[in-house]
Amino acid sequence: MTQGPMDTCKLTAADLYSLEEYASRRAAFRARVLEHKRARSVAIGPNMRLLFEDRLSVHYQIQEMLRIENVASTAGIEDELAAYNPLIPDGSNLKATCMIEFADPDVRARELATLRRIENHLYLEIGTLGRTFGIADEDLDRSNDTKTSAVHFVRFELTPQQIEAWRAGATVTAGVDDERYGHAVLLPAATRVALALDFG
């Protein structure tokens with residue numbers, strides 16, 4: 001599957017399938033998106049995952065929401081577009097859904113209380129150019145004084161020099177700069193290549 005400059009463009013109602021058309025296309029579309037997401041999913045340690053969003057992943061999310069909520073009205077469609085379009089990267093950044101994952105509900109509740117504001121400690125490090133910290137939850141605060149959310153939305157704004165280094169094959173590390181969850185991972189080549197397309 002290839003991508004191109006259009007992948008940084010926001011979606012419009014004209015880009016979406018009707019509910020009826022999506023019902024017939026859903027199985028094939030879902031399989032395509034799941035395969036597409038594989039290289040865009042990054043595990044940081046055992047309990048945190050970044051899914052780097054793009055136009056295709058957001059398209060799928062909107063279609064699923066319209067299907068689940070049985071929305072066909074113009075106003076309803078525009079609401080979903082307004083909610084999810086901000087997750088599409090703008091050419092100078094990467095945008096990700098951060099998921100904090102604990103299978104056991106009791107453990108999850110305890111750990112989310114321990115990890116308050118952990119979303120503010122996510123970073124990308126490109127080569128020797130230092131760390132860029134993510135900007136979390138610009139739409140609304142998903143942490144409070146008692147716990148953090150299991151899901152956050154994060155934007156990583158990169159400089160032209162960082163983008164150039166990324167495209168040139170520099171190493172990229174994703175990590176959490178916090179002793180409560182001090183994990184980091186070197187992005188594999190397939191992920192670096194896939195995400196480089198987000199720069200337009």
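Axes are lines fitted to C-alpha atoms, for helices over the stretch in contact, and angles run from 0 to 180 degrees between N-to-C directions. Contact means heavy atoms within 4.5 Å. The model is predicted, with local features requiring pLDDT of at least 70 and side-chain atom pairs counted only at pLDDT 80 or more, while totals for chains, interfaces and linings use all residues. Residues are numbered from 1 along each chain as its sequence is written, and side-chain values use heavy atoms, with hydrogens and water left out.

Two strands are taken to pair if DSSP finds at least two bridges between them. Strand β4 (residues 122–126) and strand β8 (residues 172–176) pair in the antiparallel sense over 5 bridges. Within this pairing, Gly 175 in β8 is the bridge partner of Tyr 123.

Strands β1 and β2 are joined in the antiparallel sense over 3 bridges, and Val 42 stands opposite Leu 50 in β2. The two strands form a hairpin with 4 residues between them, and Gly 45 in the turn has a positive phi of about 70 degrees. Strand β2 also runs antiparallel to β3, to which 5 bridges join it; Met 48 stands opposite Ile 100 in β3. Strand β2 is mostly covered, with 4 of its 5 residues buried. Buried means under 20% relative accessible area, exposed over 50%, and partly exposed in between (1.4 Å probe, protein chains only).

The largest nonpolar core has 32 residues, of which Ile 44, Met 48, Phe 52, Leu 122 and Trp 166 touch the most other members. At least two residues of this core come from each of β2, β3, β4, β7 (151–157), α5, β8 and α6. The most are given by β3, with 4 residues. A second, separate core of 12 residues includes Leu 11, Met 65, Ile 77 and Ile 88. A nonpolar core is a set of buried Ala, Val, Leu, Ile, Met, Phe, Trp, Tyr and Cys residues joined through side-chain atoms within 4.5 Å. Apart from its neighbours within four places in sequence, Met 48 is in contact with Val 42, Ala 43, Cys 98, Met 99, Ile 100, Ile 118, Leu 122, Val 176 and Tyr 181.

In helix α6 (residues 189–196), the buried residues are Thr 191, Arg 192, Ala 194, Leu 195 and Ala 196. These buried residues pack against β1 (41–43), β2 (48–52), β3 (93–100), α5 and β8.

Helix α1 (residues 19–38) packs with helix α2 (residues 55–69) at an angle of about 140 degrees, and their axes are 10 Å apart. The contact involves residues of α1 including Leu 19, Tyr 22, Phe 29 and Val 33, and residues of α2 including Leu 56, Tyr 60, Gln 63 and Leu 66. The two helices are therefore oblique to each other, given that angles under 35 degrees count as roughly parallel, over 145 as roughly antiparallel, 65 to 115 as roughly perpendicular and the rest as oblique.

Several loop residues were also examined. Arg 117, in the loop between α4 and β4, has a positive phi of about 65 degrees although it is not a glycine. At 30% relative accessibility, Arg 117 counts as partly exposed. Asp 137 lies in the loop between β6 (135–136) and β7. Asp 137 likewise is not a glycine but has a positive phi, of about 55 degrees, and at 8% relative accessibility it counts as buried. Ala 103, in the loop between β3 and α4 (105–114), is exposed, with a relative accessible area of 80%. The C-alpha atoms of Ala 103 and Arg 55 are separated by 29 Å, the two residues being 48 residues apart along the chain.
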